[in-house]
Amino acid sequence: MSNFKSDFLREIDARGFIHQISDPEALDAYAARETVTAYIGFDCTGPSLHVGHLMGIMMLRRLQQAGHKPIVLMGGGTTKVGDPSGKDESRQLLTDDQIAANMASIKTVFTRFLTFGDGPTDAIMVNNAEWLDKLEYIAFLRDYGRHFSVNRMLSFDSVKLRLEREQPLSFLEFNYMILQAYDFVELGKRYGCRLQMGGSDQWGNIVNGLELGRRAASLDLFALTCPLITTASGAKMGKTAQGAVWLNADMRSPFDYWQFWRNTEDADVGRFLRLFTEMPLAEIARLEKLEGAELNEAKKVLATEATAMLHGREEAEKAAAAARAAFEEGTISADLPTVEIEAASLDAGFGILNALVTAGLVTSTSDARRQIKGGAVRLNDEAVSDERLALTGANLTGDGIIKLSLGKKRHVLLKAKG
């Protein structure tokens, strides 16, 4: 661990956030002496961010807690281009309306983690379309394009990997790193922003901006990246068999979010507690030494604390109680994810395959068949072996619900309406 003097770098270093810093000593001295304005960019390619974005969000939170000013840069402009980093193929281009709708949906998550306002350390949200949409392309290329070496651009992983795999890289995407660099310069000029943070895969792009700022605008800028998080078994953080772990509650319920963290691999518990919760480091050190059944208790602490950060303490406690009821007491909790179905469909007989799809437990009826054959499906805690089974009013419990389960850890309540 380095001997940083600034509260910000000392804290994020102790918790495992630092991968690279462009000039550690100078940034540390600056952060110890003045209020640092720093940003991270988020493109608007979907209606929600996912767990993979949490490292960046938590870094902005730590920055603000240490008395500095975060900028959340929404990529209203760069989303129209598409970041080639880590992608084998071009993203589908979105319309202005789709980008605006995604941005509005994404914004809601940040208010859980950051305090926005007009104060010196209050976070602000900026849209890079403000300057990118107004660019006069020829003039832009003349003023800024001359500072970029194509030879060097071809050496960056985001470009090199695509070319090595013989996947097409459009000229539009090739421009992404120039636009990202220009964002840094604009934020430096407009807001006094001197630090860009991001994942380690963004190092080349961030350094591009740092160098452009020096050459084109005489700005003294810094770069800081965090490690890309993979689980102990090598899987990408936030990817599950059911897809991405979304942050918006309407795309992943607090209960399912709690379950994601509860299922953390043993070797990752301490690391994830340091990164994704605000528990004291001494308490985390105690928890990560636990073994066996006691380590499961540490996972529940991680799940509850991480869920409280995003969804609030009340929702986190509800999710923990629902999990306890479902897994340890064998009872049905009203706080399990609930899906409403028409009562008329039960009168006609609602096929188990369609019920599993409706509940979101499987992606297709063929997937449902496979799960039933594998013995993974339960109806009101009883194993289901017949794929032709039809749910009727007789399957409703006294509370007017039907409990569907996939494996030991995924449960959904079907509630009849009408």
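Student: Where is the place of Ser 366?
Tutor: Ser 366 sits in helix H19, residues 365-373. Helices (H or I, at least four residues) and strands (E, at least two) are DSSP runs, numbered from the N terminus. A word on the ground rules: this is a predicted model, where local features need pLDDT of at least 70 and side-chain atom pairs count only at pLDDT 80 or more, while totals for chains, interfaces and linings use all residues. Residues are numbered from 1 along each chain as its sequence is written, and side-chain values use heavy atoms, with hydrogens and water left out.

Student: Why does Ser 366 count as partly exposed?
Tutor: Buried means under 20% relative accessible area and exposed over 50%, with partly exposed in between (1.4 Å probe, protein chains only). Ser 366 has 37% relative accessibility, so it counts as partly exposed.

Student: And what makes Ser 218 count as exposed?
Tutor: Its relative accessibility is 67%, which is why Ser 218 counts as exposed. Ser 218 is found in the loop between helix H11 (203-217) and S6. Although Ser 218 is not a glycine, its phi is positive, about 55°.

Student: Which residue just after H1 takes a positive phi?
Tutor: That is Gly 16, at about 90°. Within H1 (residues 7-14), the buried residues are Phe 8, Leu 9, Ile 12, Asp 13 and Ala 14.

Student: Why is H12 called oblique to H15?
Tutor: The axes of H12 (residues 254-262) and H15 (residues 293-311) come within 8 Å and cross at roughly 140°. Axes are lines fitted to C-alpha atoms, for helices over the stretch in contact, and angles run from 0 to 180 degrees between N-to-C directions. Under 35 degrees counts as roughly parallel, over 145 as roughly antiparallel, 65 to 115 as roughly perpendicular and the rest as oblique. The angle therefore makes H12 oblique to H15.

Student: What hand does the crossing of H12 and H15 have?
Tutor: The crossing is right-handed; that word applies if the near helix is turned clockwise from the far one by less than a right angle, and left-handed if anticlockwise. On the H12 side, the contact (heavy atoms within 4.5 Å) is made by Pro 254, Tyr 257, Trp 258, Trp 261 and Arg 262. The H15 residues include Asn 296, Leu 302, Ala 306 and His 311. By class, the contact of H12 with H15 has eight nonpolar, four polar and three charged residues. Here Ala, Val, Leu, Ile, Met, Phe, Trp, Tyr, Cys and Pro count as nonpolar, Asp, Glu, Lys and Arg as charged, and the others, Gly among them, as polar.

Student: How do you know that H13 and H15 are roughly parallel?
Tutor: H13 (residues 269-276) and H15 pack at an angle of about 20°, with axes 10 Å apart. The two are therefore roughly parallel to each other. H13 passes H15 in a left-handed crossing. From H13, Val 269, Phe 272, Leu 273 and Phe 276 meet residues of H15 including Leu 295, Ala 298 and Met 309. That contact divides into nine nonpolar, no polar and one charged residue.

Student: What makes H13 mostly covered?
Tutor: Six of the eight residues of H13 are buried: Val 269, Gly 270, Phe 272, Leu 273, Leu 275 and Phe 276. These pack against H3 (54-65), H12, H14 (281-287) and H15.

Student: Why are S1 and S4 said to stand at the edges?
Tutor: The open sheet of six strands runs S1-S6-S5-S2-S3-S4, with mixed pairing. Two strands pair if DSSP finds at least two bridges between them. S1 (20-21) and S4 (124-127) each have a single partner strand, so one side of each is left without a neighbour in the sheet.

Student: How many bridges join S3 and S4?
Tutor: Four, in the parallel sense, with S3 spanning residues 69-75. Leu 73 has Val 126 of S4 as its bridge partner, and Val 72 has Met 125. The covered face of S4 holds Ile 124 and Val 126, the uncovered one Met 125 and Asn 127.
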